[in-house]
Amino acid sequence: RDQLTATLPKAAPKEAKVRSLGTWRQGLAIAASVLVLILAYVFWPSAAAEGLYAQYEYIDPGLPVLMSQSDQHAMYDALTYYSEADYATAISKLSALQTQGVNNDTVAYYLGASYLYEAQASAALERLTKLTNEEGPFRARAEWLTILAALQLEDLDQVRKLLPSVLADGTHPFHTQAQQLQAE
């Protein structure tokens, strides 16, 4: 410490220059801040804008895929992309399967679900509505996803039309969510 004191010059510390904003500049800065906050509020997606869809969203995890034990490699390849949440690729591969004539309920359901998760609710409704009219393993989930698609479209009249089919079945896997949704 003594050596440093001896080597360093003993100059008085300089005071920092402080400039104050003029009153008009200060008012301008406040006005700009308020404008930025208003624009952020208007254009930033809020929880209210996401609405009920975000509150009741259900992401189907997909099927476990064991490609080595099946001769349906193309379908399981598409379902692998679905399981990895690469819905755009899943849509293209599942659509190609439908074009080739593979029209089973598995392809229809996961194609509709992929459209829903890609925010293409109209296309999702078109595919999933067919499954709600048929008995099968995907019926209950398809009914709920059609409700979610209507919520994504913010079509509350359609939601009111679709809810009774889920509410009528006390054993429906989404019965509780449907009751809460109806209450809201």
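These questions and answers concern a predicted model of one chain.

Student: Among contacts between residues at least 6 apart in sequence, what percentage join residues at least 24 apart?
Tutor: Contact here means heavy atoms within 4.5 Å. Of the contacts in the chain between residues at least 6 apart, the share joining residues at least 24 apart is 49%.

Student: Are H6 and H7 roughly parallel or roughly antiparallel to each other?
Tutor: Helix H6 covers residues 105-117 and helix H7 covers residues 121-132, and their axes are 7 Å apart. The angle between them is about 155 degrees. Angles over 145 degrees count as roughly antiparallel, so the two helices are roughly antiparallel.

Student: How many nonpolar residues are in the contact of H6 with H7?
Tutor: On the H6 side the contact includes Ala-108, Tyr-109, Leu-111 and Leu-116. These meet residues of H7, among them Ala-124, Arg-127, Leu-128 and Leu-131. By class, the contact has one polar and two charged residues, and the nonpolar number is 11.

Student: How are H8 and H10 arranged, roughly parallel or roughly antiparallel?
Tutor: Helix H8 spans residues 139-152 and helix H10 spans residues 175-183; their axes come within 11 Å. The crossing is left-handed, at roughly 30 degrees. Angles under 35 degrees count as roughly parallel, so H8 and H10 are roughly parallel.

Student: Which residues in H10 do Trp-144, Ile-147 and Leu-151 meet?
Tutor: Trp-144, Ile-147 and Leu-151 are in H8. By class, the contact of H8 with H10 has five nonpolar residues, one polar and no charged. The H10 residues are Gln-177, Ala-178 and Leu-181.

Student: Which residue has its backbone oxygen 3.2 Å from a polar atom of the side chain of His-175?
Tutor: His-175 lies in helix H10, and at 13% relative accessibility it counts as buried. Leaving out residues up to four places away in sequence, His-175 touches Val-166, Leu-167, Asp-169 and Gly-170. The backbone oxygen at 3.2 Å belongs to Leu-167.

Student: Does Thr-132 count as buried or exposed?
Tutor: Thr-132 lies in helix H7. Not counting residues up to four places away in sequence, it touches Arg-139, Ala-142, Glu-143 and Thr-146. Its relative accessibility is 14%, so Thr-132 counts as buried.

Student: What is the phi of Ala-85?
Tutor: Ala-85 is in the loop between helix H4 (73-83) and helix H5 (87-99). At 45% relative accessibility, Ala-85 counts as partly exposed. Most residues other than glycine have a negative phi. Ala-85 is not a glycine, yet its phi is positive, at about 65 degrees.

Student: Is Glu-154 buried or exposed?
Tutor: Glu-154 is found in the loop between H8 and helix H9 (156-167). It has a positive phi of about 60 degrees although it is not a glycine. With a relative accessible area of 60%, Glu-154 is exposed.

Note on methods
Residues numbered from 1 in each chain as written. Predicted model: local features only at pLDDT ≥ 70, side-chain atom pairs only at ≥ 80, totals over all residues. Heavy atoms only, no water. Axes fitted to C-alpha atoms, helices over the stretch in contact; angles between N-to-C directions. Helix = DSSP H or I, 4+ residues; strand = E, 2+ residues; numbered from the N terminus. Parallel < 35°, antiparallel > 145°, perpendicular 65-115°, else oblique. Nonpolar A, V, L, I, M, F, W, Y, C, P; charged D, E, K, R; others polar. Left-handed = near helix turned anticlockwise from the far one by under 90°. Buried < 20%, exposed > 50% of the residue type's maximum accessible area, 1.4 Å probe, protein only. Polar contact = N/O pair within 3.5 Å; in protein donor to acceptor, adjacent residues only side chain to side chain.
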